[in-house]
Amino acid sequence: MDVKFQNVSLAYDNVNNILNNISFTIPEGQLTCLLGPSGCGKSTTLNLISGLLSPTGGQIFFGDQNVTKKDALARKVGMVFQNYALYPHMTVLDNICFPMKMAKVKKADRLKRGRELAALVHVETELSKKPNELSGGQQQRVAIARALAKSPSILLLDEPLSNLDARLRVEMREEIRRIQKETGVTTVFVTHDQEEAIHIADQIMVLNEGKIQQFTTPNRLYDQPDNLFVAKFIGSPIINTIPFANVRDDFKAVVPTRVFSDGVTVAIRAESIVPATDPHDHLTLLPLSGTQVQSNRFGRETSLSLNYGGHTIIADGFREQDLGRNGKPLQFALRPQGVFVFNQSGERVWPETIATNVSPIKPTEVIHA
Ligand SMILES: Nc1ncnc2c1ncn2[C@@H]1O[C@H](COP(=O)(O)OP(=O)(O)OP(=O)(O)O)[C@@H](O)[C@H]1O
Ligand SMILES: [Mg+2]
């Protein structure tokens, strides 16, 4: 079932809108991430989907059904939160079966289904344990199984991995991906971690200050950011930014005249900066020169700081043998991909269109307040 927001607003105090007139469609059967910095409105959006919050204005649809006035129970959503909130006195199997018990499913049926769900999330050997005998990752698996026990129309996950250590987070995000694929349940996953989002999501809605910045596939966010916020939020290391005024003469050769009146910031991905003499890279956009400030190699990664146009930028497209000497001039080149110019309000003004074979997922209509 898809989820549609039509001109939805929310003000906790009925005065100041946290979400202002937002519209989007979350596609059926896929995993969609809500991504953005702390306080941008991710949990608020999720709670509007679940029915725990009612919008101040606008309408919410599940498929063709208008659910705006329906409460969380009637919407049949499954939810998993950051803190697992399992019932401590119940066994794993009883925890998973509890929603079915509440729904008065026959005991034999719910135990059968409970065991199937435990197998799905790989806790079938822990059925008689209590939650405090499980690891954090196992607890979160049980919480997911319990959320799925109601056969929810939609599965909502609010930062479900943030209590886990880094390695377990990576393992569990793959597990959530697998479980979503196996069940096909429409899933909305909230995170503030861009790396988690790009690895798990079919599409990502980037939010900032209660506004949708861009809603598309992870690759398209990376390759074709609509604005400077998205360009800086997605990708590691963070995209290099330089005031356009500092480098406009260098860019004369490649950007059209209109960009000279609108362009305020140039943004360059670290991997788009390559050695000027790279024999493998015939497709360079333009040759430039700077000064090598510092270089570091760690494992298979080389990171190079360059002074270009009076600004330090980071390049990771160099091999060790292509590095120069610190403090000395260094010729480099830019690749055509991963170089963008943004205007005063942060919108991308160049390149205007970027060739791609990935079709975007468009919000039905995004009205920026
Ligand atoms: N119950 C509430 N009453 C008043 N204001 C609230 C309430 N809950 C959230 N807010 C405000 O709404 C804004 C969005 O909050 P929300 O919880 O949706 O952010 P978030 O993106 O989930 O952040 P985080 O990543 O920190 O969880 C914040 O400015 C927050 O202070
Ligand atoms: Mg939150």
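Let's start with a loop: Pro237 sits between helix 9 (228–233) and strand 11 (240–243), helices (H or I, at least four residues) and strands (E, at least two) being DSSP runs numbered from the N terminus. This is a predicted model, where local features need pLDDT of at least 70 and side-chain atom pairs count only at pLDDT 80 or more, while totals for chains, interfaces and linings use all residues. Residues are numbered from 1 along each chain as its sequence is written, chains are lettered from A and ligands numbered from 1 in the order in which they are written, and side-chain values use heavy atoms, with hydrogens and water left out.

**Cis peptide bonds**

- Back at Pro237, the bond that joins Ser236 to this proline is cis, with omega at about 0°.
- Trp350 and Pro351 are also linked by a cis peptide bond, with omega near -10°.
- You'll find Pro351 in the segment after strand 19 (348–350).

**Around ligand 1**

- On its own, ligand 1 has 640 Å² of accessible area, and the protein covers 55% of that (Shrake-Rupley method, 1.4 Å probe; for residues, only the protein chains shown count as cover).

**Pocket and cavity**

- Both are found on a 1 Å grid over the protein atoms alone: a cavity is a set of points where a 1.4 Å probe fits but cannot get out, a pocket is an open set with protein on both sides within 12 Å along at least five of seven lines, and lining residues have an atom within 4 Å of a point.
- The largest pocket has a volume of about 630 Å³, volume being the space filled by probe spheres set on the points, which are joined across faces, edges and corners.
- Its lining runs to 26 residues, with Val77, Gly78, Met79, Pro99 and Lys150 nearest the centre.
- By class, the pocket lining has 19 nonpolar, 3 polar and 4 charged residues.
- The whole structure has 1 cavity of 30 Å³ or more, lined by Ile144, Leu155, Leu157, Ile176, Ile179, Gln180 and Thr187.
- Helix 6 gives the largest share of the cavity lining, 3 residues.

- Asn21, in strand 2 (residues 19–26), has phi near 60°.
- Ser151, in the loop between helix 5 and strand 7, has phi of about 45°.
- Asn21 is partly exposed because its relative accessibility is 25% (buried is under 20%, exposed over 50%, partly exposed in between; 1.4 Å probe, protein chains only).
- Ser151 also counts as partly exposed, at 43% relative accessibility.

Definitions and conventions: Nonpolar A, V, L, I, M, F, W, Y, C, P; charged D, E, K, R; others polar.
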